[in-house]
Amino acid sequence: MHGPTRPLHQYLALEGRLAERHRAHQALRESEQRYRRLVELSPEAIVVHSAGKILYVNPAAQRLWGADKPEQLIGQSVLDRVHPDYRDTVNKRVRQILEEGSPTELAEQKHVRLDGEVIDVEVAGMPFVMNGEPAIQVVMRDITDRNRGREALRQTETQLRTVIGSAALVLFVINLEGIFTLAEGEGLKNLNLKPGDLVGRSVFDFYRDNPQILRNIRRALNG
């Protein structure tokens with residue numbers, strides 16, 4: 001004798017559940033493939049680490065840290081790539097992410113490339129799951145050139161102010177409305193003024209008794 005057979009509707013329901021599970025698995029696989037492709041092509045450096053060890057680096061992260069291949073970084077301590085002055089800060093941010101389960105704010109740090117060069121980076125971290133284990137995904141951007149440009153500009157401005165401040169002349173800057181935004185130079189003493197006294201005042205008011213200067217200023221403002 002044959003055992004009892006299932007009703008047709010049970011077989012159809014089981015087949016439907018299997019098909020639905022297959023579609024969900026397929027959708028998940030496609031989603032993971034799209035995510036991996038986006039990460040691989042991202043211009044931002046992306047790193048995943050867990051328990052202090054690097055698990056994944058995208059090509060941009062390899063370039064940022066000076067690696068020729070991911071094997072030079074994967075399995076290494078993430079703190080090896082962080083400048084010693086910033087390691088305590090990074091450890092605190094890691095604990096914050098794991099304990100609170102929320103991303104950290106963008107912050108500047110100094111990192112160390114494989115060749116020993118120190119670089120400035122902007123870093124943001126967020127909780128992540130990899131291979132079923134809690135991890136942290138970090139997004140980084142190299143801002144070394146930007147910071148060097150700012151520092152060079154600051155030094156140039158300081159040198160310029162030193163030269164102007166010691167010169168026996170007056171250098172002033174006005175905006176398009178004719179308002180002083182800068183007035184420096186030893187020549188201010190001859191006008192019984194100090195640096196900053198003219199800032200915010202109208203050049204047309206200050207030179208109202210000197211029509212030649214006002215004509216030149218109007219010509220300059222008109223291009």
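Analyst: Let's start with contact, which means heavy atoms within 4.5 Å. This is a predicted model, where local features need pLDDT of at least 70 and side-chain atom pairs count only at pLDDT 80 or more, while totals for chains, interfaces and linings use all residues. Residues are numbered from 1 along each chain as its sequence is written, and side-chain values use heavy atoms, with hydrogens and water left out.

User: What does the secondary structure come to?

Analyst: The protein has six helices and seven strands. These are DSSP runs numbered from the N terminus (H or I, at least four residues, for helices; E, at least two, for strands). Along the sequence, the pattern reads α-β-β-α-α-β-β-β-α-β-β-α-α.

User: Which strands does the buried side of helix H3 pack against?

Analyst: The buried residues of H3 pack against S3, S4 and S5. Those residues are Val 90, Arg 93 and Ile 97. Buried means under 20% relative accessible area, exposed over 50%, and partly exposed in between (1.4 Å probe, protein chains only).

User: What is the order of strands in the five-stranded sheet?

Analyst: The open sheet runs S2-S1-S5-S4-S3, with antiparallel pairing. Two strands pair if DSSP finds at least two bridges between them. S1 (residues 45-50) and S5 (residues 133-142) have five bridges, with Ala 45 opposite Met 140. S1 and S2 have four bridges, and Val 48 has Tyr 56 as its bridge partner in S2. Between S1 and S2 lies a hairpin with two residues between the strands, where Ala 51 takes a positive phi near 50°.

User: Why do S2 and S3 stand at the edges of this sheet?

Analyst: Strand S2 (53-57) and strand S3 (107-112) each have a single partner strand, so one side of each is left without a neighbour in the sheet.

User: Where else do strands pair, and how many bridges join S6 and S7?

Analyst: Strand S6 (residues 171-174) pairs with S7 in the antiparallel sense over four bridges. Leu 171 stands opposite Glu 184 in S7. Their hairpin has five residues between the strands, and Gly 178 there takes a positive phi near 80°. S7 (residues 180-184) is mostly covered, with four of its five residues buried.

User: Why is the Phe 172 and Tyr 207 pair called what it is?

Analyst: Rings of Phe, Tyr and Trp (its six-membered ring) pair if their centres lie within 6.5 Å; planes under 30 degrees apart count as stacked, over 60 as edge-to-face and the rest as tilted. A search of the whole structure finds four such aromatic pairs. For Phe 172 and Tyr 207, the centres are 6.3 Å apart and the planes are at 40°, so this pair is tilted. The two residues are 35 residues apart, with Phe 172 in strand S6 and Tyr 207 in the loop between helix H5 (203-206) and helix H6 (211-221).

User: What makes the Phe 206 and Tyr 207 pair stacked or edge-to-face?

Analyst: Their centres are 4.9 Å apart and their planes are at 85°, so the pair is edge-to-face. Ring pairs link Phe 172, Phe 180, Phe 206 and Tyr 207 into a cluster.

User: Is Tyr 207 buried or exposed, and what about Phe 172?

Analyst: Tyr 207 has 18% relative accessibility, so it counts as buried. Phe 172 has 28%, so it counts as partly exposed. Phe 206, at 23%, counts as partly exposed too. Of the 223 residues of the protein, 28% count as buried.
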